[in-house]
Amino acid sequence: MSRALFTSGPLDASLALPAVDMATSIGAFETPAPVFTASGCAAAGKELDQFFDITAIGGIVTKSVMLNARSGRATPRMAETPSGMLNSIGLQGPGIDAFIEHDLAWLRQRGARTVVSIAGGSVEEYGKLASKLRSVEGISAIEVNISCPNVEDRGQVFACDPNAASNVIQAVRRNADTRTPIIAKLSPDVTDIVTIAQAVERAGADALAVINTTLGMVVDLETMRPALGGITGGLSGPAIRPIAVRCVWQIHQALPNLPILGMGGIRNGEDALQFILAGASAVSVGTVTFHDPSAPLRVQQELETALARRGFTTLRDAIGYAHRGPDLPEIDEDHE
Ligand SMILES: Cc1cc2nc3c(=O)[nH]c(=O)nc-3n(C[C@H](O)[C@H](O)[C@H](O)COP(=O)(O)O)c2cc1C
């Protein structure tokens, strides 16, 4: 790696920066580009393809699909929050068969790298979803959304319990094509995210997606009732970025060889760079696409510039770079 450039002032557009090798990998999934859409924020990529060439980014992570069609939760399903948004969509979707027939077929024909996100209400349902995908061509990886209530355990969220989380990942690993990398998507709503990361790694996860939304609530002062039909919802956007970067940092510190797809409030290339330096191998861009549908490609281009300005010639050299050196203290949990 060349580290000749350390500029911090405004970017001089006339300064030609050297190209950066942006290739990266998420387990056995090798990709020439590191920026993905975030599940649920770009459906199956068709709408975004009107704004930019979706084959130019790392890939599309599709909306979490369940076994059967679902209409989602009660409306209203969105509420504004400072520097973010709250949603309670509730995994609305067509069910796995229609998804394979229409959405996956379109993505394959379009030539986009595709990460399929799956979600279930029981371990068995996750296993069935994985086996349905086993013989389908053109899947780069499976992202397992474990931020779902377990209908067989009083609605306890799988991602919040290391045993439940590993049971899901084991079921997916057993039923999926052995060549398809499994990415476990973690929730930040836990006391110790490293324990969950270690459990799913032992269960066979090849990589992690970090983080899903964090649980929040807004009260509507007009009606003096919860703003969302579902009462609580998932908080996303820049408001959660420091939580996400902290989770990526802690997991990379404990499991430096486990690839991480980092996300949470990324709006531009420098936000994305924070995740890479903290230990992510690639990033997903979600909420920002609602007001800037070209954001995934823009963020990727800005990330390349941000890396070049700091003297990196390959993205891989920057992964986890913030962990270097002997002089970084342990995270002090007693931060008050
Ligand atoms: C409207 C909306 C729908 C989402 N749906 C899903 C989903 O189906 N599955 C999933 O794993 N994550 C889902 N997420 C979470 C995102 O993929 C992402 O983890 C989170 O929003 C943080 O990234 P961001 O701040 O860039 O949006 C959803 C987020 C939003 C805002």
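Biologist: Which residues of α4 are buried?

Modeller: Helix α4 covers residues 193-202, and its buried residues are Ile193, Ile196, Ala197, Val200 and Glu201. Viewed along the axis of α4, they fall within an arc of 135°, so they line one face of the helix. Just after α4 comes Gly204, with a positive phi of about 115°.

Biologist: How far should I trust the coordinates?

Modeller: This is a predicted model, so begin with the confidence score. The average pLDDT of the chain is 93, and 93% of the residues score at least 70. Over residues 1-9, however, the pLDDT is below 50, although this stretch has 14 contacts in the model beyond near neighbours in sequence. Where pLDDT is low, the predicted coordinates should not be read in detail.

Biologist: How many residues does the largest nonpolar core have?

Modeller: The largest nonpolar core has 99 residues. Among those with the most contacts inside it are Ile142, Val144, Val248 and Leu208.

Biologist: Which residues come nearest to the ligand?

Modeller: There are 25 residues around the ligand, and Ala38, Gly40, Ser236, Gly286 and Thr287 come nearest. By type, the shell around the ligand divides into eight nonpolar, 15 polar and two charged residues.

Biologist: Now the backbone. Where are the cis peptide bonds?

Modeller: Read omega for the bond between two residues. A cis peptide bond joins Thr75 and Pro76, with omega about -10°. Pro76 is in the loop between β4 (60-61) and β5 (78-81). Another cis peptide bond joins Val210 and Ile211, where omega is about 20°. Ile211 sits in the loop between β12 and β13 (214-216).

Biologist: Which residues other than glycine have a positive phi?

Modeller: Ala43 is one of them, with phi near 45°. Ala43 lies in the loop between β3 (35-37) and β4. Ser83 also has a positive phi, about 55°, although it is not a glycine. Ser83 belongs to the loop between β5 and β6 (84-87).

Biologist: Is Ser83 buried or exposed?

Modeller: Count the C-beta atoms around it. Ser83 has 12 other C-beta atoms within 10 Å, so it is exposed. Ala43 has 15 C-beta neighbours inside 10 Å and therefore counts as partly exposed.

Biologist: Can we apply that count to another part of the chain, and then look at distances?

Modeller: Take Asp292, in the loop between β18 (282-285) and α7 (295-309). Asp292 counts as partly exposed because it has 14 C-beta neighbours inside 10 Å. Its C-alpha atom and that of Arg267, 25 residues apart along the chain, are separated by 9.3 Å.

Note on methods: Residues numbered from 1 in each chain as written. Predicted model: local features only at pLDDT ≥ 70, side-chain atom pairs only at ≥ 80, totals over all residues. Core = buried A, V, L, I, M, F, W, Y, C linked by C-beta atoms within 7 Å. Buried ≥ 20, exposed ≤ 12 C-beta atoms within 10 Å, placed from the backbone. Near = placed C-beta within 6 Å. Nonpolar A, V, L, I, M, F, W, Y, C, P; charged D, E, K, R; others polar. pLDDT = per-residue confidence, 0-100. Contact = placed C-beta atoms within 7 Å. Helix = DSSP H or I, 4+ residues; strand = E, 2+ residues; numbered from the N terminus. Arc of directions from axis to C-beta.
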